[in-house]
Structure formats: C-alpha cells, structure tokens
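Q: Please take a close look at how the chains are divided and how the packing within them is built up. A single connected account, with the cut-offs behind each term, would be welcome.

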Amino acid sequence: MDIYVLARYPFLSEAKEVVRRENVRTEEILHDPIYERARDIGRQRVTDALEEGVVGGYPVASETDALMNIFSYPIARMIVASVGHPYFRGRYALAEAKRAYEFLQGESRDFLLQVARELEVAVDDDLRLHFADYLRHAPTRSQRWKLVNMPLSQGWLSLDHRELARVLQNAIQHRLFEELRDMRPPSEISNVFREEVTAIRNTLQQREMREKAEMGEASVAKLPPCMRMLLAAIQTGANVPHVGRFTLVSFLNAIGMDTEEILGLFAASPDFDRERTRYQIEHITGKVSGTDYTPPSCASIKTWGLCPTDKMDAICRRVNHPLSYYRIKGRRRK
Amino acid sequence: MTTWLQEQFRRYYARPRIHFPDRFPRREYALIPFGEQHMQRHLAVKTREDLQSLLERRVPAHIYYSSAYYETPDAPTMTEKGWMGADLIFDLDADHLPGAGGLSYPEMLAAVKQEMIKLLDFLQGDFGFGEADLAVYFSGGRGYHCHVTDARVQTLGSQERREIVDYITGRGLDTQSLLQERTVYRQGNITQTSLEMPLPDEPGWRGKISREIIRFFQSLLDAPEEEALQQLTQFEGIGPKTARTIYEGLTPQRIQRMRQGKFDQFPYIKKMAPHLIRRSAVELRGEPDEPVTADVKRLIRLPGSLHGKTGLRVEHVPLGDIDQFDPLVDAVVFDDSPVALTLKKGTAISMKNRSFDLQPGSHTVPAYLAALLVGRGLATVDS
C-alpha cells in the first residue's frame with residue numbers, strides 16, 4: 001500500500017510493518033532528533049483527542065511527512081497507555097476511529113473490504129454483513145441504526161458504502177481500545193513525556209470535578225423519562241416492582257438526595273408508610289445494608305422493561321446511563 | 001417423607017430421557033428439591049453419568065441449566081465462573097401474553113404455541129438460523145422455549161441481544177418511514193399526494209409489514225361484508241361509518257396497487273398500521289422482575305426433566321411437527337394406573353385425548369392427571 005495512504009490509517013498492520021521494517025529502537029524514537037517531528041505529531045494526536053475528540057489534519061506533503069505521521073501513532077499510543085486512564089483510552093480510540101471514518105468514506109470499495117477483513121468484520125463483495133457483526137459494531141443506539149430498521153434477510157443485511165465505513169469506524173475504535181488496554185508502555189515514556197502525561201491527568205481530573213459540580217443541586221426537573229415515570233407511579237400508589245423502587249431510589253441517592261428528601265417525594269403516595277419506606281430507602285442507599293448501590297444503566301433498565309421507549313427524547317438516545325441524562329440536562333439549563 | 005408425586009419422579013429419574021445441552025460440562029446446574037422454595041445453584045457435572053446420578057440421587061422437583069457456558073461452572077460468583085458465551089434463549093410464557101388470564105390451560109398453551117410459530121418465522125427467515133442451531137421445547141409448564149446455539153450469536157453481549165429482542169418484538173421500529181406521503185402533483189395551491197408503502201418482497205420489517213397489510217385487506221375482501229365491517233371497527237378510531245367507507249373502496253385493483261407499493265388516498269391506514277405491526281411482532285415482554293432473552297446468564301429448564309408443578313416433561317418439539325404438537329399428549333410421561341385423590345376445585349381438562357370433567361371431592365384418575373392436579377396444588381393423593 002502507498003505510504004501516503006498508510007499515513008491515514010497508521011493502525012493498520014501494514015503501517016505497523018513499515019515501522020518494524022525501519023528497524024529503529026524505541027530509544028531512538030524517543031530521543032533521536034530525526035524523530036522529533038514524529039514525537040511532536042504524537043503529542044498533537046493525544047492533545048487533539050483530549051481537546052477536540054478527533055485527531056488528524058497534520059500536513060503530509062512529502063514521503064518523510066507521511067513516515068513521520070506513521071511513526072507518530074505508536075508514540076501517541078504509548079503516551080495514552082502511560083496516562084493509564086480507562087476513560088481516556090476510550091476517548092483516544094474514538095478520536096482515531098473518527099479520523100479514519102472521514103477518510104474511509106472516500107476510499108474504494110475494495111479498500112473498505114480490505115480494512116473490514118483486517119478487523120475481522122465479515123463482509124461479502126456486495127457489502128453484505130452478517131447481523132452478529134453488525135450488532136457488535138453498528139451504532140444501534142440511534143433509531144436509524146437499530147436492527148429492526150435494517151433490511152435483514154436470512155441473517156445478512158446490505159449496507160451502502162458510507163454505512164459500512166461507519167460500521168468500520170466502530171470496529172476500529174473497539175480494536176484500538178483493546179490494544180491500548182493490553183499495552184504495557186516502556187517506563188522510559190513517562191520520563192520523555194512527563195509534562196504531557198501530567199497535564200493530561202490534571203485535565204481529566206478537572207473534568208471529573210466539573211462533572212460532579214454540574215450535577216449540582218438535586219432537581220426533579222432534570223430527571224430522565226424513566227425516573228419520572230417511576231416517581232409518578234409511586235406517587236399515585238401504582239404497583240411498582242422491587243427493581244423499579246431500587247432503580248429510582250439508587251438514582252435519587254446518586255444525584256445527591258438524602259433519605260428525608262426521598263421520603264418527601266414518596267409521601268404523596270396514598271398508601272405511604274413512612275417507617276417501612278424509610279427502611280427500604282436506607283437499605284438501598286447503604287445506611288442499613290452497608291452497600292451503597294449504584295443506579296442501574298439504561299441497558300439494565302431496558303432489560304427490566306422499565307424504559308418508557310415511547311417517551312424517549314433526544315438526550316435519551318445519546319446516553320447509556322440515566323445519570324448522564326441528568327448531567328446533560330443540568331448543563332443545558334445554565 | 002416421600003410424597004406420592006416425588007415417588008413418581010423418582011421412578012422417572014431412575015431411567016430418564018435427558019437431552020444433554022451441548023458443552024454440558026461447562027454449564028451450571030441448579031435445582032429445587034421437593035417441598036422447598038430455595039434453589040440450589042452452582043452445581044457442575046463432568047460426565048453424562050454424573051448428571052444422571054445427580055437426578056437419581058436428588059430427584060428434584062425442578063432442574064435448570066445455565067444458558068451460559070463457563071470456565072468454572074461451579075464457582076460461586078460470576079467473576080470466578082469465567083463467562084465464555086451463552087446460547088440465545090427465548091422464553092415464551094402465557095404470563096407474557098396479553099389477555100391470557102381468561103384462558104384455560106390448553107387454550108393458553110395453544111396461544112403461546114402460535115407466538116412460537118411467529119418467532120420461528122423471524123429466527124429462520126430474518127435471522128437465517130439453520131435447523132441444526134434451533135431447538136424448541138415445551139417448558140413443562142405454561143410455555144415454550146427456543147434455544148439458539150449458532151456460534152456467531154453465542155458471544156454476543158446483552159446490549160446486542162436486546163437488539164435481537166427489539167427486532168422480534170418490533171420495538172423501535174421506524175413506522176414513519178414505512179408509510180410515506182409523496183407529492184405526485186403540484187400546481188399553484190393544488191398539491192396531490194400519494195401514500196407509498198413498502199413492497200412485499202423487501203427484506204426485513206418493511207416486507208413483513210407490506211405482506212401483513214396486503215394479507216389483511218385481502219382477507220377483508222374475501223370475508224362476508226358483515227364480518228369485514230366488524231373486523232374494521234375493532235381498530236381504535238374506526239367507527240361504523242369509516243369502516244363502511246373503507247370496505248366500499250376496497251377492490252381487487254386496489255390490492256393489486258398495494259402489491260406495487262401504492263396506497264393512493266387512504267388516510268385510515270395510519271391509524272391501522274400500529275395494530276398491524278403488533279400482529280406481526282412476537283409478544284416477548286418479560287415481567288420487569290424476570291430475566292429476559294437479553295440476559296447472558298439465565299437458567300433454563302433441562303430438556304427431558306420433569307416440571308414439578310405439572311409432572312409434564314420438558315419435551316423437545318421437532319420444528320416440522322410444531323403444528324401437531326400437543327403438550328397434553330406428547331409431554332405426558334406417567335401412565336394411566338389409577339390413583340385415588342381428593343380434589344379441592346372443579347377441573348375440566350383433556351389429556352392423552354381423554355376428557356375429564358371433575359367436581360370437587362374424591363376421584364380415581366390416571367396417574368398422569370393425578371400428577372398435574374397434585375403438582376398444581378389442586379388435589380391431594382389419598383393414602
């Protein structure tokens with residue numbers, strides 16, 4: 001493959017092979033002035049992933065540029081691995097995958113098939129994909145991509161060029177994330193990129209703090225539809241199964257409500273029994289049981305049949321967890 | 001103390017006919033002994049003989065195995081078990097069917113079987129599972145199970161399995177794009193639109209809906225007027241007047257146009273579509289507390305074992321025989337040796353093609369019926 005093409009997809013095995021064939025030691029990559037450019041681009045990749053959520057746009061005017069781009073990728077990976085933050089690994093993998101998607105849309109069908117093969121996504125020559133691979137990689141959280149809306153027949157479904165590119169984006173993301181997870185970066189990395197690693201860790205920490213602050217004061221107005229439904233059911237005295245109570249109470253607890261506040265909300269119920277309810281709440285919030293249960297994810301809520309799918313809104317479709325909904329809603333109101 | 005029912009189970013488990021799950025040594029087993037509520041979990045077996053001997057020694061009222069297979073199936077926690085994959089399991093139960101409450105036991109079973117036939121159409125047609133990877137079992141109780149053992153789905157996670165469930169139940173279906181208004185003519189203020197529907201041979205739900213719409217209107221056309229009107233007024237928002245308008249506009253030509261994806265002027269279909277979709281979908285809604293198909297580690301009744309509340313066997317249903325399968329004949333294990341019992345509640349049921357209509361009080365009935373009545377707590381055996 002052309003070295004300019006490989007510069008767009010530095011994670012492909014053929015690009016890795018280029019690095020191997022150059023036969024340079026890690027030491028040289030980290031210190032030799034020849035690789036200064038590669039190190040700079042590597043730093044840029046990581047910063048862009050953190051700040052912009054997508055990498056790329058580095059000039060490739062010559063063969064040397066292309067080679068430096070290819071070398072920058074393993075450097076960036078080593079930096080990401082030594083930051084050692086699972087959230088950031090995911091973010092970086094996504095940023096690289098998004099860049100690849102931009103390019104893939106303009107590539108030939110054969111090229112897409114080749115990338116698919118390397119990622120072990122079984123696509124035939126007519127761009128037909130087996131549904132199991134589709135489910136692993138397609139962004140099925142958005143309605144348009146849900147399997148139920150796809151032309152499935154005999155286990156296979158046809159995609160157009162762009163759709164396949166999008167599925168490959170996720171496959172790339174998954175592959176890179178797994179590679180990063182299993183990577184043990186050489187300790188020398190933390191010395192060479194000490195500043196960068198520290199800066200990234202600080203930024204991540206700050207973001208976490210900001211998110212916590214954004215949760216702000218507990219507010220019923222920011223509740224996702226599922227929680228509003230559960231709360232309304234309890235307040236009107238409807239029969240709510242145990243998992244429903246558990247879901248609601250653990251959620252209210254997580255957004256910072258204490259037992260008294262939760263009791264206040266439940267008091268509207270016609271068959272309200274304060275002491276019994278208090279015991280139940282404190283069991284879930286950890287006062288009685290000693291275990292502070294975390295609220296269930298959207299996946300679990302759906303499994304239990306507690307997700308009011310007809311009431312889902314735009315935020316619901318973006319999130320995996322009711323707490324994320326709550327956070328986003330909080331951000332919008334400011 | 002051994003009860004009469006337990007004794008019957010003991011005799012069966014001395015020579016049971018078990019269908020061993022594939023990779024059976026990698027499965028977790030769990031059982032509920034007679035007279036107990038509590039489930040004993042985390043059992044494992046190495047050989048077929050181990051499982052046979054477990055049944056013979058313990059004589060469980062209920063026995064289950066895990067849909068998942070594990071590195072260490074008898075480890076006490078999920079993490080230690082080491083999840084390797086899981087069959088895809090569909091559990092169709094009368095409890096999940098709307099309106100099943102008013103049905104008798106045989107009617108309930110027949111209704112669930114119809115859902116299973118619909119499900120199989122999805123699994124074989126849309127998902128393309130082959131006969132070798134599909135097995136249907138009567139649950140021994142109030143439903144049917146379908147096990148899918150295709151290697152390509154065994155490693156799917158719970159999010160992905162939920163997509164399969166959503167497909168089969170029609171949840172999240174984009175109904176807007178199924179019926180689209182298209183402008184066919186526009187001049188000045190005059191706009192003429194035509195409603196377009198999918199073609200019957202399109203893949204996926206589009207073709208399914210198309211076929212259901214055509215089938216429905218064809219059946220209206222074929223039915224006597226009275227019946228057709230009655231069918232139509234069952235839809236929400238369609239009164240006797242609208243029903244008549246629809247019926248009178250219905251012609252073979254119109255249905256021919258439907259086959260070509262043309263709906264013309266027919267605003268009522270938008271009201272009818274959701275109902276027609278529901279008919280094509282499978283009712284698979286688990287109770288919120290219950291594990292559903294998306295679960296990657298659920299327990300399922302061991303095929304060939306007996307159900308403690310009925311005495312019926314968890315019976316394999318060959319795919320080609322599902323129409324003729326009658327659980328109250330084919331899943332009956334016990335013989336017709338007479339058993340004297342006291343019935344608490346009047347019961348009418350037909351088993352092994354024999355009809356029974358029993359009033360409360362003393363009776364002598366065949367052992368297979370006695371097992372069902374005793375298991376369901378409706379009778380006690382006279383000692």
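A: In chain B, the centres of domain 1 and domain 2, taken over C-alpha atoms, are separated by 40 Å. The model is a predicted one, in which local features need pLDDT of at least 70 and side-chain atom pairs count only at pLDDT 80 or more, while totals for chains, interfaces and linings use all residues. Residues are numbered from 1 along each chain as its sequence is written, and chains are lettered from A and ligands numbered from 1 in the order in which they are written.

Chain B is assigned domain 1 (4-169 + 284-328), domain 2 (180-280) and domain 3 (334-383), the bounds coming from an automatic or database domain assignment. Chain A has domain 1 (3-210) and domain 2 (220-333), with 38 Å between their centres over C-alpha atoms.

Between the chains, 29 residues of chain A are in contact with 31 residues of chain B (C-beta atoms, placed from the backbone, within 7 Å). At least two residues each on the chain A side come from helix H8 (131-137), strand E2 (152-153), helix H13 (242-254) and helix H16 (298-303); helices (H or I, at least four residues) and strands (E, at least two) are DSSP runs numbered from the N terminus. H8(A) gives the largest share, four residues.

The largest nonpolar core has 139 residues, and Val80(A), Leu147(A) and Leu119(B) are among those with the most contacts inside it. Such a core is a set of buried Ala, Val, Leu, Ile, Met, Phe, Trp, Tyr and Cys residues joined through C-beta atoms within 7 Å, buried meaning that 20 or more other C-beta atoms lie within 10 Å of the residue's own, with C-beta atoms placed from the backbone. Helix H5 (residues 63-83) of chain A gives the most to this core, 13 residues. Not counting residues up to four places away in sequence, Val80(A) touches Val46(A), Phe88(A), Arg89(A), Tyr92(A) and Leu180(A).

Arg89(A) and Leu180(A) also take part in the contact between H6(A) and H9(A). The axes of helix H6 (residues 86-104) and helix H9 (residues 161-182) of chain A come within 8 Å and cross at roughly 145°; axes are lines fitted to C-alpha atoms over the stretch in contact, and angles run from 0 to 180 degrees between N-to-C directions. The crossing of H6(A) and H9(A) is right-handed, that is, the near helix is turned clockwise from the far one by less than a right angle.

Conventions: Two residues are in contact if their C-beta atoms, placed from the backbone, lie within 7 Å. A residue is buried if 20 or more other C-beta atoms lie within 10 Å of its own, exposed if 12 or fewer, and partly exposed in between; C-beta atoms are placed from the backbone.
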